[in-house]
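Subject: A structure for you to look at

Hi there,

Here is the structure I promised to pass on. Have a look at it first, and then read my notes below.

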Amino acid sequence: MATEVRAGDRGNRGRLLTALYIAQEQEGYLTAEAMQRVAERLGVSEAEVYSTASFYTLFRTEPVGRYVIQVCRGLSCYLVGGAERLVDYLERKLGIKAGETTADGLFTLETVQCLASCGTAPAMRVNDELYEHLTTEKVDMLIDQFRERAERWAALNQS
Ligand code: FES
């Protein structure tokens, strides 16, 4: 027998996903306290909130850097684009391994299986932005830009 999905269920799921997304925007990841607040405000169980947060890769339950770099290691990026070389390059450049965050909290490096941009391999996503046809020169330029942005932001906050 097929599972019946009612319109109200979809609406509640949408509200929960939206609330989690907003909560994550506040601190960069979902803290236990944030998930408890979401459960209370929406009147759903904490178990439902936790299981939803852990099911969707969009949500993070651990702290990450300001810039989360996700390098695609999918087949196209691997075969056509030299994704492994790119990951190695970023690991050396940032001084961390995939799955780690730099000591200054600026960058987290991750690998993912496909960013749905196979025709423009190799690709990576940094936060919500997709970068395609990558070379080590482009990567250098991007990392420099992110560092400059962070420095400008820090300078603004000090003045
Ligand atoms: S394999 Fe890299 S974007 Fe699809």
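**What I found**

Apart from its neighbours within four places in sequence, Ala-19 makes contact (heavy atoms within 4.5 Å) with Val-38 and Leu-42. Please keep in mind that this is a predicted model, in which local features need pLDDT of at least 70, side-chain atom pairs count only at pLDDT 80 or more, and totals for chains, interfaces and linings use all residues. Residues are numbered from 1 along each chain as its sequence is written, and side-chain values use heavy atoms, with hydrogens and water left out.

Ala-19 itself sits in helix α1 (residues 7-27); helices (H or I, at least four residues) and strands (E, at least two) are DSSP runs, numbered from the N terminus. Its C-alpha atom is separated by 26 Å from that of Thr-111, which is 92 residues away along the chain.

**Helix α2**

Val-38 brings us to helix α2 (residues 32-42), where Ala-34, Met-35, Val-38 and Ala-39 are buried. Here buried means under 20% relative accessible area, exposed over 50%, and partly exposed in between (1.4 Å probe, protein chains only). Looking down the axis of α2, you will find its buried residues within an arc of 140°, so they line one face of the helix; the arc is that of the directions from the helix axis to the C-beta atoms. Glu-40 and Arg-41, on the other side of α2, are exposed. After α2 comes Gly-43, with a positive phi near 70°.

**Salt bridges**

How many salt bridges does a search of the whole structure find? There are four, where a salt bridge is a side-chain nitrogen of Lys or Arg within 4 Å of a carboxyl oxygen of Asp or Glu. Let me walk you through some of them.

- Arg-60 pairs with Glu-110, and their closest N and O atoms are 2.8 Å apart. Arg-60 is in the loop between α3 (46-55) and β1 (67-72), while Glu-110 is in strand β2 (residues 107-112), so this pair ties together parts that are 50 residues apart in sequence. Both Arg-60 and Glu-110 are buried.
- Arg-73 forms a salt bridge with Glu-84, with 2.8 Å between the closest N and O atoms. Because Arg-73 lies in the loop between β1 and α4 (75-79) and Glu-84 in helix α5 (residues 83-94), the pair ties together parts that are eleven residues apart in sequence. Arg-73 is partly exposed, at a relative accessible area of 27%, and Glu-84 is partly exposed at 29%.
- Asp-140 and Lys-93 meet through their side chains at 3.1 Å, N to O, in a salt bridge. Asp-140 belongs to helix α6 (residues 136-158) and Lys-93 to helix α5, so to speak distant parts of the chain, 47 residues apart. Asp-140 counts as partly exposed at 21% relative accessibility, as does Lys-93 at 29%.

**Surface and domains**

Which residues make the nonpolar surface patch of about 480 Å²? They are Leu-75, Tyr-78, Leu-79 and Val-80. Among them, Leu-79 is found in helix α4 and counts as exposed, at 59% relative accessibility.

Finally, the domain assignment gives domain 1 (2-55) and domain 2 (67-158); such bounds come from an automatic or database assignment. The centres of domain 1 and domain 2, taken over C-alpha atoms, are separated by 29 Å.

Enjoy exploring!

Best wishes

Technical notes:
Patch = residues over 30% accessible without salt bridge, like charges linked within 9 Å, V, L, I, M, F, W, Y side chains within 5 Å. Areas by Shrake-Rupley, 256 points an atom, 1.4 Å probe, with all protein chains shown as cover.
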